[in-house]
Amino acid sequence: MKKKLMTLLLAAGVATSSWAFIDSYTIKREQLPQEAQEMLQEYFPKAKVSNIKIDRHLLKKTDYDVKLTDGTVIEFANSGKWTSVQRKRGAVPEDLIPKSIRKYMAKSYSDRKIVGLTKKSAAYFVDIDDGRRLKFNLLGQFKGFVETDVATEE
């Protein structure tokens, strides 16, 4: 009996402590960092927000996932800087795309739309509407095609 009680208490303790590491919840648009609010207003002024999820990671900073009612998903870092824009319908706003990448795309893929843009610490990843993903360095120079596996983005 005592052994069963100890096992149950241990299981309850483990379950309770594991919840302490999960910290994800939703907020309102006005609760986003100022820079994120400004980006939404500038590039998506008429868009309605479906939901905003905050993820607090154990060893990383907080990030924000904003989903618009048209299916667009925008990720923001803790500071409010955007890190990713993925469109379900339509293209990524042109002014959000670095000029050198826009020039390359106009020259090489003028018939394609950019439907996703991700900025990492050392590269930009551009998703085009035919399913291909292109990699550019931070200067906007084309570096090749990338498999669409998320693990290859780093």
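# Pocket, strands and side-chain pairs in a predicted model

The second largest pocket has a lining made of Ala91, Val92, Glu94, Ile97, Arg102, Met105, Ala106, Tyr109, Ser110, Arg112, Lys113 and Ile114.

Me: Before going further, what kind of model is this?
Reply: It is a predicted model.

Me: How much space lies in the second largest pocket?
Reply: The second largest pocket holds about 190 Å³ of space.

Me: Which helix gives the most to its lining?
Reply: Helix α3, residues 99-108, gives the most, with 3 residues.

Me: And how do the lining residues divide into nonpolar, polar and charged?
Reply: The lining of the second largest pocket has 7 nonpolar residues, 1 polar residue and 4 charged residues.

Me: Arg112 is on that list. With which residue does Arg112 form a salt bridge?
Reply: Arg112 forms a salt bridge with Asp130, and the closest N and O atoms are 3.7 Å apart. This pair links distant parts of the chain, 18 residues apart: Arg112 belongs to the loop between α3 and β6, and Asp130 to the loop between β7 and β8.

Me: How do Arg112 and Asp130 count in terms of accessibility?
Reply: Arg112 counts as partly exposed at 32% relative accessibility. Asp130 is partly exposed as well, with a relative accessible area of 30%.

Me: Which residues are joined with them into one network?
Reply: Salt bridges that share partners join Arg112, Asp129, Asp130 and Arg132 into one network.

Me: How many salt bridges does the structure hold?
Reply: The structure holds 7 salt bridges. One of them is formed by Lys81 and Glu35, whose closest N and O atoms are 3.5 Å apart.

Me: What about Lys53, which residue is its salt-bridge partner?
Reply: Lys53 forms a salt bridge with Asp55, the closest N and O atoms being 3.9 Å apart.

Me: Are the two residues buried or partly exposed?
Reply: Lys53 counts as partly exposed, at 34% relative accessibility. Asp55 has 13% relative accessibility and therefore counts as buried, since the limit for buried is under 20%.

Me: Changing topic to the strands. How many residues of β7 are buried?
Reply: Strand β7, residues 124-128, is mostly covered, with 5 of its 5 residues buried.

Me: Which of them point one way, and which the other?
Reply: Tyr124, Val126 and Ile128 point one way from β7, while Phe125 and Asp127 point the other way; all are buried.

Me: In which sense do β6 and β7 pair?
Reply: Strand β6, residues 114-119, pairs with β7 in the antiparallel sense over 5 bridges. Together β6 and β7 form a hairpin with 4 residues between them. Opposite Tyr124 in β7 stands Lys119.

Me: And how many bridges join β7 to β8?
Reply: There are 4 bridges joining β7 to strand β8, residues 133-136, and the two strands run antiparallel. Asp127 has Arg133 in β8 as its bridge partner.

Me: Which residue takes a positive phi in the hairpin of β7 and β8?
Reply: Gly131 takes a positive phi near 95° in that hairpin, which has 4 residues between the strands.

Me: Now the aromatic side chains. How many aromatic pairs are there?
Reply: The structure holds 5 aromatic pairs. In one of them, the ring centres of Phe136 and Phe142 are 5.7 Å apart and the planes stand at 65°, so the pair is edge-to-face.

Me: Why is the pair of Phe142 and Phe145 described as edge-to-face?
Reply: The planes of Phe142 and Phe145 are at 75°, with ring centres 5.5 Å apart, so this pair is edge-to-face. The reasoning rests on the cut-off, because planes over 60 degrees apart count as edge-to-face.

Me: Which residues do the ring pairs link into a cluster?
Reply: The cluster linked by ring pairs consists of Tyr104, Tyr109, Phe136, Phe142 and Phe145. Tyr109 is also among the residues that line the second largest pocket.

Terms used
Residues are numbered from 1 along each chain as its sequence is written. This is a predicted model: local features need pLDDT of at least 70, side-chain atom pairs count only at pLDDT 80 or more; totals for chains, interfaces and linings use all residues. Side-chain values use heavy atoms; hydrogens and water are left out. Buried means under 20% relative accessible area, exposed over 50%, partly exposed in between (1.4 Å probe, protein chains only). Two strands pair if DSSP finds at least two bridges between them. Rings of Phe, Tyr and Trp (its six-membered ring) pair if their centres lie within 6.5 Å; planes under 30 degrees apart count as stacked, over 60 as edge-to-face and the rest as tilted. On a 1 Å grid over the protein atoms alone, a cavity is a set of points where a 1.4 Å probe fits but cannot get out, and a pocket is an open set with protein on both sides within 12 Å along at least five of seven lines; lining residues have an atom within 4 Å of a point. Grid points are joined across faces, edges and corners, and a volume is the space filled by probe spheres set on the points. Ala, Val, Leu, Ile, Met, Phe, Trp, Tyr, Cys and Pro count as nonpolar, Asp, Glu, Lys and Arg as charged, and the others, Gly among them, as polar. A salt bridge is a side-chain nitrogen of Lys or Arg within 4 Å of a carboxyl oxygen of Asp or Glu.
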